[in-house]
Every structure is written in C-alpha cells, then in structure tokens.
Amino acid sequence: MKKTYWIFVLCFLVLFSGCRKKEQETDTGFKIYYIDQDETKLMSENYTLQGKDMNSQINELMVAVKKQPTNPDMRLAIPEAVTFIGHNFGEAGQLQLIFDEDYNTVTGVQEVLMRASIVKTFTQIEGVKEVEFFINRFPLSKGDVLIGRMRADDFIDTVGEMTTYSQNAVISIYFSNSTGDALVESQRQVEYSGNVTLEQVIIEQLIDGPTEKKEEAVLRGTLPSDTILNKVTKKDGICSVDFNEAFLNPVEGISPEVTIYSIVNTLVEQPTVDKVQFTINGKNVESYKSIPFDKVFERNLNIIEGEK
C-alpha cells in the first residue's frame, strides 16, 4: 500500500512540474501580435523563434507575421496585399523594415494597430530596440510629418485593450472671414491619438471653430457648435462625412457655400482625399439651403479670400 501511495505522489509531482514548466513557457515566451476581429485592439499568440542570430530571426518573423493565427478571435494585423521588401539597420542601430507601396492602402486605426503589432513583435528580438518603416526607399510619413523610429512603449496599451499612439500633424483649416462670404486658411499643429483618423481630427477642429485670440478677431466658425460627427470614412479618394441633424441649422451670417466648402476645401488639403460627400444621420439629403447636397463635392478655390 505504501509503495502504491508513493508511486502516486511521484506521478503527481512529475505532472505538476510539467504543468508549471508549461505555464512558465506560456508567460515568458516570444509573442507575435495580431489584431482582434473588430480591429480595435492588439492580441498575441506565443511563438517559438528558431533563428539563432538577429538577421535570421528578422527574416523568420517577416514570414511568421503573415501567417494566420490559430485563435479564431484574432486576425492578421498586416493585410495579405502588403509585402515586406527587405530590411536594413540604420546608423543608430534601429531596424528599418521596408514595405511595398500597398502599405499606403492601410489607413486610420487599422494602420496604427498594424504598425503597433509590427513594432511590438520585432522589438522582442535581442538588439532591436527601435523600428523604422520605409515605403520602398522613402521613410513612412503621414502628410508632411515623418513617423520616424518607434519603440514598443510608444504604443501605450495592455494587450486586450485599445492601443493608443500619439501623432502630430500640421493641417490647414478653412474658416469664414468676418463677413461670412469667403474662406480664410488657418494653419495649426495638432496632436491626436492614433486610434482616430486625421479626417476626424480635422472636422472636430472645424466644429470647435477658431480658438486663438488672434483668429477669433478676424475668423468665424462655419459649423453649428452642437454639430456631431457621426462617422467619417474614406475610400478611393472620396471622404464620406455623416453629421447629425444639427448641421442643417446654419450659423447666422455664414453663407451655405462657405459652410460646405470650409469642410470640403479643408479635407481635400489631405493628399489622399480628392472629393467629399455628405449624409445626415446616415441618409442622403437633397439640399442644404439652396445648394444640392446629395452629390460629390470637389475643391472650390474661388470661395477662398484672395483667390478670386
């Protein structure tokens, strides 16, 4: 009986030891980062890195991050159309990852999450502390702003929650002149979370109106202060903007053309936007005052003060 008892204890200890070892491997192993099916957060799966030196590990990961995760709740952070061309090491020792031009087809929150997943995955390699992105031979930029080198802690998150990344951009906003019949350009630098698109930031700036005292003296906001941006999307160069019904109540003394083209001209300043279309609470509206509103709008230079 004693012999049987000790055999049982020994088997239990072996099993327990194995479980502990497996648990430790789960907690401390290398990870590949993906995104959830709703494209709102990062998730990760454990991965066993086979390469023995930095170069072979980088090449290995460039293949591994393009393989589908086993967890059905996850999806690839890098779309299949986006291709790695190669990698280099910069003068400061940072890893430079080179992509083809299809990288530029990924925008908004998805692009930030993709970038975060790549940086957090590759900086686990010993000796790689920063990652810099290149599109062919050109550094990645957003508008006129170079993204530059990134560390894993630039993306503030706990895996399983929303990932945030602060970005800066210089944008041109078109407000009304003092008489409400023409647009005036105002340049400003904005800092915004990577979880929102620059188009959303731009429209929020328009809703806020002129904020600096020197602007308030000569410029006027063009959108009602109770306007709510329901949604803004972009596809094939067309930016679709959906407002609540408050937008339809024009600001007193501002012409309808100035209101519409303050939005259109401001958005078309962005290199990826050519035209703008509007909806109200998801539905087309035939006219805004006397202006046909259920159409696609292009930039209007004639309404800018000094351009007539």
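Me: Before we start, what's a nonpolar core here?
Reply: A nonpolar core is a set of buried Ala, Val, Leu, Ile, Met, Phe, Trp, Tyr and Cys residues joined through side-chain atoms within 4.5 Å. Keep in mind that this is a predicted model.

Me: OK, which residues touch the most other members in the largest one?
Reply: That core has 40 residues, and V241, F243, I260, L267, V276 and F278 touch the most other members. Elements giving two or more residues to this core are β10 (166–176), β11 (183–193), α4, β12, β13 (238–243), α6 (256–268) and β14.

Me: And where does the largest share come from?
Reply: From α6, which gives seven residues.

Me: What is L267 in contact with, leaving aside neighbours within four places in sequence?
Reply: L267 is in contact with E199, I202, I203, C239, V241, V273 and V276.

Me: What's in the second core?
Reply: The second core is separate and has 39 residues, among them Y33, M43, A116 and L140. As a general point, nonpolar side chains tend to be buried together in soluble globular proteins.

Me: Switching to strands. What's the order in the open sheet of four strands?
Reply: The order is β12-β13-β14-β17, and the pairing is mixed.

Me: Which strands stand at the edges?
Reply: β12 and β17 do. Each has a single partner strand, so one side of each has no neighbour in the sheet.

Me: How do β12 and β13 pair, then?
Reply: In the antiparallel sense, over six bridges. For one of the positions, K231 has D242 in β13 as its bridge partner.

Me: What about helices, which strands does α4 touch?
Reply: α4 packs on the sheet and touches β12 and β13, with its direction at about 140 degrees to that of β12. α6 packs on the sheet too, touching β13, β14 and β17, and its direction makes about 135 degrees with that of β14.

Me: New topic: how many salt bridges are there?
Reply: The count comes to seven. One of them joins the side chains of E111 and R115, at 2.7 Å from N to O.

Me: How far apart are those two in helix α3?
Reply: E111 and R115 are four residues apart in α3 (residues 108–122), which means about one helical turn separates them. In general, an α-helix has 3.6 residues a turn, so residues three or four places apart point the same way.

Me: Are they buried or exposed?
Reply: Buried: E111 has 2% relative accessibility, and R115 has a relative accessible area of 0%.

Me: Which salt bridge does E199 make?
Reply: E199 meets K234, at 3.2 Å from N to O. The pair links distant parts of the chain, 35 residues apart, with E199 in helix α4 (residues 198–208) and K234 in strand β12 (residues 229–235). E199 is buried at 7%, whereas K234 is partly exposed at 27%.

Me: And what does E298 pair with?
Reply: E298 forms a salt bridge with K275, with the closest N and O atoms 3.7 Å apart. E298 is in the segment after β17 (296–297) and K275 is in strand β14 (residues 275–280), so the pair ties together parts 23 residues apart in sequence. E298 is partly exposed at 47%, and K275 is partly exposed at 32%.

Me: Which residues are linked in a network?
Reply: E130, R149 and R151 are, through salt bridges.

Me: Last one: what caps the N-terminal end of α2?
Reply: D53 does, with a side-chain oxygen 3.2 Å from the backbone nitrogen of N55. The buried residues of α2 (residues 54–64) are Q57, I58, E60, L61, M62 and A64, and their cover includes β1 (30–36), β2 (42–47), β4 (84–89), β5 (95–99) and α3.

Definitions and conventions:
Residues are numbered from 1 along each chain as its sequence is written. This is a predicted model: local features need pLDDT of at least 70, side-chain atom pairs count only at pLDDT 80 or more; totals for chains, interfaces and linings use all residues. Side-chain values use heavy atoms; hydrogens and water are left out. A salt bridge is a side-chain nitrogen of Lys or Arg within 4 Å of a carboxyl oxygen of Asp or Glu. Buried means under 20% relative accessible area, exposed over 50%, partly exposed in between (1.4 Å probe, protein chains only). Contact means heavy atoms within 4.5 Å. A polar contact is a pair of N or O atoms within 3.5 Å; within protein, one must be able to donate a hydrogen and the other to accept it, and residues adjacent in sequence count only if both atoms are side-chain atoms. Two strands pair if DSSP finds at least two bridges between them. Axes are lines fitted to C-alpha atoms, for helices over the stretch in contact, and angles run from 0 to 180 degrees between N-to-C directions.
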